[in-house]
Amino acid sequence: MSRLTTGGQIDRSQKIAFQFDGRTFQGFKGDTLASALLANDVRLVGRSFKYHRPRGILTAGSEEPNALMQMGLGDQTTPNVRATTQELHDGLIAASQNRFPSLAFDLLSVNDLMAPFFSAGFYYKTFMWPKSFWEKLYEPIIRRAAGLGALSGKADTALYDKAFAFCDLLVIGAGPAGLMAALTAAKGGLDVILADEDFTLGGRLNSETFEIDGQPGRDWAAATVAELAAMDNVRLMARTTVTGAYDGGTYGALERVSHHLSTPPKDRPLETFWRIVAKRAILAGGAIERPIAFPNNDRPGVMMAAAVRSYANRFAVAPGKAVSVFTNNDDGHRTARDLVALGITVAAVIDTRREAPYGEGYPVLKGAEVTDTKGRLGLREVIVRTESGQKTIKTDCLAVSGGWNPSVHLTCHMNGRPVWREDIAAFVPVENAIPGLLTVGAALGDFSTHAALATGQKAAATVLAEMGKTTSAEKLPKAEDAPIALAPFWHVKGTKGRAWLDMQNDVTTKDIVLAHQENFRSVEHMKRYTTLGMATDQGKTANMGALAIMADLTGRSIPQTGTTTFRPPYTPVAMGALGAHGAGKGFAPERLLPSDTVGRELNAHFIELGLWYRPSLYPLAGETHWRHTCDREVRMVRGTVGITDVTPLGKIDIQGPDAATLLDRVYTNSFSTLPIGKVRYGLMLREDGAVLDDGTTARFGENHYVLTATGGAAGLVMTHLEFCTQVLWPELDVSVFSVTDQWAQYSIAGPKARDLVNALVDDPVTNESFPYMSCGEAMIGGVKARLFRISFSGELGYEIAVPARYGDALARALGEQAKALGGGWYGLEALNVLRIEKGLLTHAEIDGRVTPDDLGLGKMVSGKKDCVGKTLSGRGAMLAEDREQLVALKIPGEVNAFSGGGHLFKVGEKMITANDQGHITSHCFSPTLGHPIALALLKNGRARTGEKLVMKDYARNLEITCEVCAPVHLDPKGENLRA
Amino acid sequence: MRINCPNCGDRDVREFHYRGSAKLLNRPAPDAGEAAFVDYVYLRENPAGLNRELWFHEMGCRSWIVAQRNMSTHEFAGTELARNAKRGAK
């Protein structure tokens, strides 16, 4: 065990049992999975992506590239969880990734020996020939070998949530700078949200031994957090990573709600994705320590110096028995001092600077560099080049510090580019890169605790002043103020062997050299060629080193070389969290018909159409194929009477003195001339001249119309009308209102339709009293209904609408009466056959490209008035003869069938795109005619009646010969309609 | 992104549908001819700066809104109801 007997922010009274790779270990409350593994002397935690190199824990934060775990079992398994941020809880189950059969013995580590074949760009060079091998051989092998964790392959059943929050000030990061900013702003009276990705607020104060106002920094942090927690105007959000900065002061944030719980309550989400809208924001995201590249710097036991201090100070874990430090700055020495104070042996501090400070209880090698490391599954020794020659140091942990990179990420999410600061050899945020956001503390490049507190306080005061509040005169807490002393040092030169930059994607310094040689010298090209920074950690510890090397190779400075683009999210966000409530019914809510229960009682088959669940068939006992049912329902309508629920038709109520004027302007034909009590078929265009929708509109009064739109286009038509009344002609005195859901509407069709209507209405109708295309009110069982004489089947037809709450009752009454007349319900399949037989249109024909003339409805565009789309529908090309026009097709006999989307060709011509004559839009078998029929859009189709064509469907490999005919197969004079 | 709806106040962009240039307010006269309508329907400026454009508060009050948005920064310089903008333009 490497657990220290005292100290740290762990609760030794709360023991926690957890599993890693099938073995059970013990940790304490307050541990991360990483700290608990280290306390149990587990140093080897994973295999690398490409070469399957043994890897250990590198950091103590969300920047971790190596310690990625597969968490949990079954469909709840989550890959690529960073052990360094995962809180330990009872029953936690973790497994290492990317190894087979075991972590210590991994077969694919043979890749490491074949490294010369796997250098940068190897995909582009290695698997080229023969071409046919790619799909069958290379790709499957690469797919199996590549990748990090594995998905369960099952649907994620976890609950995710989304939420909005609003505040005056969002403080991102709860280290000294963030705490000070939040406290100052909260005391000034602002609504403050303080978010931090850690589960204990305090940032580096939890991991360092600094004092603030004479007390340990962590105690000051805890006291400040307690003070903030007690304030009503502050919301503390621990375990919450602000992942992105967006327009208008909107920030994305991921809260890990339940990952730290052994048995979370069932209704509690796993994660919540927040959209935080903040008038102002302060970024106190701190800085990330950067490594130094040297050969074999990726062995388990090589860690960042700050991580070593975190594990020792915060988690009371000795990261090694004899720790050495490799540094170019004073933080390396701080690490050594902290370890010595805890009684941990420091083997040596290897400082690249000749002017390095003297050691306090530890040896210092000045002007020295680590040139190699040894130890197969864990560090055993380091080889050091000093001015007096080469030395070997026995050590099992090497703490590396190459300086700090401010966490500029969020400031770049709106195209901001960070600027180079020579004195700290780091990029810092450019001012005002995100409107309303100020950066403070280490994120700004001010690395001392004093500066963190001071800049945090000052930024909060600025925000308070901008928002018209006053700052209370608070004294700044006292803290150390050591200026940063650093000599830039990126990688050890003049060595052999591979030095790792990006440990997660296995990119070495040699890969950068190769990218340079092959002229991928822009950082964006270098990144994509080498895959540097493209793994789940996005190169947080890797990118700067690579930039420095590329700068060196090209002879440019680092700022001239520039950085790649930082994009959201800062750390990975599960798709489940981003799409919370957007799966299943959350994505596509269910709309149920007023007759839904009736349909289910009759065992109807339902299909979803524009979110509505509509019966497609009402099968009877003994019907074994959908065609049995469909054909019977069609014959029923043509022979007696059928009823169907047409509630999903868009119903738009239009009222006002200018209702007629509006309709005249949106329809190609005239509606001001429509008599009260009559219905007219109308055609609506887009302004570009294409058909938007068709449908019937009824006039119930001088100033009152009811428009019907195709079910699937109801929303589109409503939006169009609102556009017309608000944007084009707000001077019109007219209101439009969608009443689709308010009225249940049923279609009654067939020779006995009038008998059925008269069995229900108080005052019976006759053909004379209520002729074709009439509308009016009727009383049914004391309920005021709307009655229409319209038809979508070619038969004598009526539609009855009642307020939706009477829909079920009317459906039952209709069903009973229909049965008595020898009829019954018919579904969408039959409805479709009936309308194809009659050449009536749906949006299969009105596909967004057709003009009125294409549909044979050119005469419906009135010459007497203007309407939306009139001018452009009259353009020459919109009327050209070779345009595809609506026709009908037939195939003799019952054997062959059309195919939806099948294309048409002249007989004997090669069936290629250049010879394409058109395509099938709708098709069915016509039980009335006894052979298959179709509607199609065919070049110059109206002039081609009688011509034989070939229909080819390459997708289904179908080919049949068919004949062009007029678009209306049945009753072309419409005698049935008027009967 | 947040959009200030004159009816509903500051709302999330997801509630809105974008329709493009507010040029659509100025539909040519019925007899203006084909060229005028082609210009109206198809031709758009792409300013690196303020753009006057139409947004539809589809998931809110269903108002069409004329907004001034900076195309380079996405900052909004103001919003008003399209019906008011249209009346004001006369």
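Of the 90 residues of chain B, 22% count as buried. This value, like those that follow, comes from a predicted model. Chain B contains two helices and six strands, and from the N terminus on its elements run β-β-β-α-β-β-β-α. The C-alpha trace of chain B spans about 40 × 25 × 20 Å along its principal axes. Among the contacts in chain B with a separation of 6 or more, 51% are accounted for by residues 24 or more positions apart.

The contact between the two chains takes 18 residues from chain A and 19 residues from chain B. On the side of chain B that touches chain A, the elements giving two or more residues are α1 (34-42), β4 (50-56) and α2 (82-89) of chain B. Of these, α2(B) gives the most, with four residues. Sorted by class, this side of chain B has 10 nonpolar, seven charged and two polar residues.

Chain A is divided into six listed parts: domain 1 (11-113), domain 2 (160-286 + 406-466), domain 3 (288-404 + 484-499 + 535-561), domain 4 (591-648 + 742-835), domain 5 (650-738) and domain 6 (882-979). The centres of domain 4 of chain A and domain 5 of chain A, taken over C-alpha atoms, are separated by 25 Å. Between these two domains, 11 residues of domain 4 of chain A are in contact with 10 residues of domain 5 of chain A. The side of domain 4 of chain A that touches domain 5 of chain A has eight nonpolar and three polar residues, and no charged residues.

In soluble globular proteins, nonpolar side chains tend to be buried together. The largest nonpolar core in the model holds 115 residues, of which Ile654(A), Leu663(A), Val666(A), Ile748(A), Ile800(A) and Ala936(A) touch the most other members. Helix α18 (residues 714-728) of chain A provides the largest share of this core, seven residues. When residues up to four places away in sequence are not counted, Ile748(A) touches Val641(A), Ile643(A), Ala753(A), Leu756(A), Val757(A), Gly797(A), Tyr798(A) and Ile800(A). Apart from this core lies another, of 92 residues, with Phe18(A), Ile292(A), Leu501(A) and Met550(A) among them.

Helix α17 (residues 659-666) of chain A is largely enclosed by the rest of the structure, because seven of its eight residues are buried. The buried residues of α17(A) are Ala659(A), Ala660(A), Leu662(A), Leu663(A), Asp664(A), Arg665(A) and Val666(A). Their cover includes the strands β35 (650-655), β36 (679-685), β37 (691-701) and β38 (704-709), together with α18, of chain A.

Some backbone details of chain A remain to be described. Most residues other than glycine have a negative phi, and most peptide bonds are trans. The peptide bond from Pro568(A) to Pro569(A), however, is cis, with omega near -5 degrees. Pro569(A) is placed in the loop between α13 (558-561) and α14 (575-578) of chain A. Ala425(A), a residue other than glycine, has a positive phi near 50 degrees. It occupies the loop between β26 (419-421) and β27 (426-428) of chain A, and Ala425(A) is buried because 23 other C-beta atoms lie within 10 Å. Asn432(A), although not a glycine, likewise has a positive phi, of about 60 degrees. Asn432(A) is found in the loop between β27 and β28 (437-439) of chain A, and with 11 C-beta neighbours inside 10 Å it counts as exposed.

Terms used. Residues numbered from 1 in each chain as written. Chains lettered and ligands numbered in written order. Predicted model: local features only at pLDDT ≥ 70, side-chain atom pairs only at ≥ 80, totals over all residues. Contact = placed C-beta atoms within 7 Å. Nonpolar A, V, L, I, M, F, W, Y, C, P; charged D, E, K, R; others polar. Core = buried A, V, L, I, M, F, W, Y, C linked by C-beta atoms within 7 Å. Buried ≥ 20, exposed ≤ 12 C-beta atoms within 10 Å, placed from the backbone. Domains from an automatic or database assignment.
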